[in-house]
Amino acid sequence: MKLKCPECDGDIEVKEVIEGEIISCKDCGAELEASKDKNGNFELKVAESEGEDWGE
Amino acid sequence: MCPSLSLIYDRIRTEEKELINAAEKRGIYLRSIDAKDLHLTITDPSSEGDIFGDVALERCVSYFRGLHITAILESKGVRVINRYSVASLCGNKLLSSIMLAKCGIPTPKTVVAFTTEEAMRALEEMGYPAVIKPVFGSWGRLIAPLKDRETAQAIMEHREDMGNPLYQIYYLQEMVDRPPRDIRTVVVGDEIVASIYRYSAPDDWRTNIARGGRAEVCSLNERLREMILKAASAVGGGVLGVDAMETKSGEVIHEVNSTVEFKGAMSVSEVDIPGKIVEYALNLAKK
């Protein structure tokens, strides 16, 4: 499956992906999160960056 | 009817992926719910609870997000792993230390002050080196070794300039003389599932796997097993990561984590940790 990086518009080839998974864009290095659009198709959005309360 | 589970996440890490796989392998319906897509009506306890199934595994990487979702779900009658009371205790180092000490579990000496001046006085009494930790926080974030008075003063000044008032709660702990490792144990209910040594990364003093620490299987002695199970039960039980350090006078427990990361343990242990967690959730759902 080919998806677009929302940061640099580069093509990202993904094989098996699940919602919420983090993918790095090889072109620009952005951390992207796999999510589904209204039609149930996968898309990539910029992932949240580490917050002060992240962890265990 | 077969019980159903949900997994509430805000980021799918290895752990969440493995939990989803473990449920799938067992033919259990587990609904993955992105916490970032939720809005919940807190004034109507009878609504919205159904989508979370019989038991929800709260696995948010953002502590406060997960904690507040747990509170809401419990108000709607959903059983959550871990319970709000457990997550709120474990997420606050000060409350955890109080509870560990109250239950007679050996834990590093800890003193809390509320102003820089008093924190400096406390350090003079405790002696150097010591450690300062934020009461909330994980992955070793903002934990600093205080090797001498000058370092302590500098750290305190930085703390004073940090906007969050929680940084003005000065949680000071004795620096435990330990080997460059600690012991992480995954506890599921009343069972010890896996134990690992976490070695600090070569360029860090902290042992967190998130900081590049390395895992190795650890075989627990009977005394430590008992201590760990006691610590897990002291915070209210559930699926927990109990952290211990080895000292010359025996082991001490310094932390209990409520959204346990088990990637490190999974990489060296033969035990099916996610499977154990899913089965625990399933058993809770059947009760």
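Visitor: How many bridges join strand β9 of chain B to β12(B), and do the two run parallel or antiparallel?

Guide: This is a predicted model. Start with the general idea: strands of a sheet pair through backbone hydrogen bonds, either parallel or antiparallel. In this case, β9(B), residues 181–188, is joined to β12(B) by six bridges, and the two run antiparallel.

Visitor: Which strand do seven bridges join to β12(B)?

Guide: That is β13(B), residues 250–257, and the pairing is antiparallel. Here M245(B) has V252(B) as its bridge partner.

Visitor: Is β12(B) mostly covered or mostly open?

Guide: Mostly covered. Strand β12(B) spans residues 239–247, and seven of its nine residues are buried. Keep one general point in mind when you inspect a strand. In a regular strand the side chains alternate between the two faces of the sheet.

Visitor: Now chain A. What is the strand order in its open sheet of three strands?

Guide: The order is β3-β4-β5 in chain A, with antiparallel pairing. To find the edges, look for strands that pair on one side only; here they are β3(A), residues 22–24, and β5(A), residues 42–46. On average, neighbouring strands of this sheet are turned by 45 degrees against each other, direction ignored.

Visitor: How many bridges pair β4(A) with β5(A)?

Guide: Five, in the antiparallel sense; β4(A) covers residues 31–36. Within that pair, S35(A) stands opposite E43(A) of β5(A).

Visitor: How many residues of chain A are in contact with chain B?

Guide: 11 residues of chain A are in contact with 20 residues of chain B. Next, sort the chain A side by residue class: three are nonpolar, three polar and five charged.

Visitor: On to the backbone. What should I expect of phi and of peptide bonds?

Guide: Most residues other than glycine have a negative phi, and most peptide bonds are trans. Look for the exceptions.

Visitor: Which residues does a cis peptide bond join in the case of N82(B)?

Guide: I81(B) and N82(B), with omega at about 0 degrees. N82(B) lies in the loop between β4(B), residues 79–81, and α3(B), residues 84–90. Another cis peptide bond joins Y128(B) and P129(B), also with omega about 0 degrees. P129(B) sits in the loop from α5(B), residues 116–126, to β6(B), residues 130–133.

Visitor: What is the phi of E48(B)?

Guide: About 70 degrees, a positive value, although E48(B) is not a glycine. Its place is the loop between β2(B), residues 30–34, and β3(B), residues 55–58. E48(B) counts as partly exposed because it has 17 C-beta neighbours inside 10 Å. L142(B) is another case, with a positive phi near 60 degrees. L142(B) is in the loop between β6(B) and β7(B), residues 144–146. With 16 other C-beta atoms within 10 Å, L142(B) is partly exposed.

Visitor: Last, the whole of chain B. How many helices and strands does chain B have?

Guide: Nine helices and 13 strands. To judge the overall fold, compare the radius of gyration with the globule rule. For 287 residues, a compact globule would have a value near 19 Å; chain B has 20 Å, so the two agree. The C-alpha atoms fill a box of roughly 65 × 45 × 35 Å along the principal axes. Of the 287 residues of chain B, 41% count as buried. For contacts in chain B with a separation of 6 or more, 67% come from residues 24 or more positions apart.

Conventions:
Residues numbered from 1 in each chain as written. Chains lettered and ligands numbered in written order. Predicted model: local features only at pLDDT ≥ 70, side-chain atom pairs only at ≥ 80, totals over all residues. Buried ≥ 20, exposed ≤ 12 C-beta atoms within 10 Å, placed from the backbone. Helix = DSSP H or I, 4+ residues; strand = E, 2+ residues; numbered from the N terminus. Pairing = 2+ DSSP bridges. Contact = placed C-beta atoms within 7 Å. Nonpolar A, V, L, I, M, F, W, Y, C, P; charged D, E, K, R; others polar. Axes fitted to C-alpha atoms, helices over the stretch in contact; angles between N-to-C directions. Rg over C-alpha atoms; globule rule 2.2 N^0.38 Å.
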